[in-house]
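Q: Let us read this fold together. Where do we start, and how do we read each feature?

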Amino acid sequence: MTEAQNNGPTPLAGIRVVEFTHMVMGPTVGHILAGLGAEVIRVEPIGGDSTRRLLGSGSGYFPMYNRGKQSICLDLKSAEGLAVARDLAASADVLVENFRPGALDRLGLSYETLSETNPGLVYCSEKGFLPGPYEQRTALDEVAQMMGGLAYMTGPPGRPLRAGSSVVDVTGGMFGVIGILAALQERHRTGKGQKVVASLFETTIYLVGQHMAQFAVTGKAAAPMPARISAWAIYDVFETADEPVFIGVVSDSLWEKFCALFALDDLWAEQDLRTNNARVLARDRIMPQVRALMATMTRDQIVAKLEGTGLPFAPIGRPEDMFDDPQLADGGLEDVTLDCGKETRLPTIPLQMGGKRPGAPVTLPKPGADAHAILEKLGYPADRIADLIQQGAVETA
């Protein structure tokens, strides 16, 4: 752990995590735990996790979700590599995996097997589905979004559209962390670990639960977000003279303030528009006038008027804009040295604890970079470590 990390919140210091993961969902669990001070050992296959080599939209997966971890590369098809994996699991407080159902079980790395020698183990499986008829299906973030109604709600009618990030993978990983923390708390009382399972599909259903509840309350199906009837008359993106901006007027007092700020005296004069639901019903009459006004101003002029007023607003940002965002300048991003040696800054865990933010400068480990240190900590003598490397059961950077 670096000096900077010692100065940040480390509530999980002393917790050892062993991670058998790939892609996004499983690595998210380990990244959050590492960001909160846990020791996280990432088990990669010989040659390193293939996620490191993804192109296009996958090229950011590894650096985003594998910071703060140690790396060891094992050949789990060899008896020697598998023995190392079992020793790692025996030394762990938490094990995280997100491979297909039964993959680790077939290697003798199931919860049932490992808990026999390590009864305090908290074993987190990140899966596509919780137990049920779909349990054996292969799921991805996009599969879950399509099945669970999130893509339907995101796109315009008849055009399902996935959300603009791996939102279900990441949220599913967060639910895994919640389950792990709850299991560790229960272990304080019982001394026993347990298996925790989080899933993509059920996570998606939790996210669309508000729309299910809307149907239950109103008897009417929720329309996709681009076609929805908003709960507020002004709650939209407005075109300006240059760049668009979002504005929300979500209370009657803010309506009064909004009308005063933008000299909408004629709208304020209409007594029947003083309540929110009346404005929603009159939206077709209100919005053309507001849109026409916003189109005469620049984004910066509108932002200057709204800043400090309490009215919700947002210029439309792009991911690349966030590197220079002033809100993130102090603690929101941490320095990262990528595999290729390039230096950048990436988001840290979005928490403050005891007045401090997590995060510290980190260098992504080369595949197997920490093999010697990890094996020495397991008590392996130098000659056994050398034999494992020479046999190809363990690979070092």
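**Strands, helices and spaces**

A: Start at one residue pair: Tyr123 stands opposite Lys195 in β6. The model is predicted, so local features need pLDDT of at least 70 and side-chain atom pairs count only at pLDDT 80 or more, while totals for chains, interfaces and linings use all residues. Residues are numbered from 1 along each chain as its sequence is written, and side-chain values use heavy atoms, leaving out hydrogens and water.

Q: In what sense do strand β5 and β6 pair, parallel or antiparallel?
A: Two strands pair if DSSP finds at least two bridges between them. Strands (E, at least two residues) and helices (H or I, at least four) are DSSP runs, numbered from the N terminus. Here β5 (residues 122-127) pairs with β6 in the parallel sense, over 5 bridges.

Q: In what order do the 7 strands of the open sheet run?
A: The order is β6-β5-β4-β1-β2-β3-β13, with mixed pairing. β6 (195-199) and β13 (394-395) are the edge strands, each pairing on one side only.

Q: Which strands does α8 lie across?
A: Contact means heavy atoms within 4.5 Å. Axes are lines fitted to C-alpha atoms, for helices over the stretch in contact, and angles run from 0 to 180 degrees between N-to-C directions. α8 lies across β4 (94-97), β5 and β6, and runs at about 160° to β5.

Q: At what angle do helix α6 and helix α8 pack?
A: Angles under 35 degrees count as roughly parallel, over 145 as roughly antiparallel, 65 to 115 as roughly perpendicular and the rest as oblique. α6 (residues 141-148) and α8 (residues 167-190) pack at about 95°, with axes 7 Å apart. That makes α6 roughly perpendicular to α8. Asp141, Ala144 and Gln145 of α6 meet Val167, Val168 and Asp169 of α8.

Q: How far apart are the axes of helix α4 and helix α17?
A: Their axes lie 10 Å apart, and α4 (residues 79-90) packs on α17 (residues 382-391) at an angle of about 130°. α4 is therefore oblique to α17. The contact uses Glu80, Ala83, Val84 and Asp87 of α4, with Arg384, Leu388 and Gln391 of α17.

Q: Which strands make up the open sheet of 3?
A: The order is β11-β10-β12, and the pairing is mixed. β11 and β12 (362-363) are at the edges with a single partner strand each, so one side of each has no neighbour in the sheet. β10 (residues 333-337) and β11 run antiparallel, joined by 5 bridges. Leu333 stands opposite Pro347 in β11.

Q: What is the volume of the largest pocket?
A: On a 1 Å grid over the protein atoms alone, a pocket is an open set of points with protein on both sides within 12 Å along at least five of seven lines; a cavity is a set where a 1.4 Å probe fits but cannot get out; lining residues have an atom within 4 Å of a point. Points are joined across faces, edges and corners, and a volume is the space filled by probe spheres set on them. The largest pocket has about 1300 Å³. Its lining has 39 residues, with Met64, Tyr65, Ser165, Val170 and Pro347 nearest the centre. α8 gives the largest share, 7 residues.

Q: How many cavities of 30 Å³ or more are there?
A: The count is 2. β2 (39-45) and β3 (70-74) each supply at least two of the lining residues.
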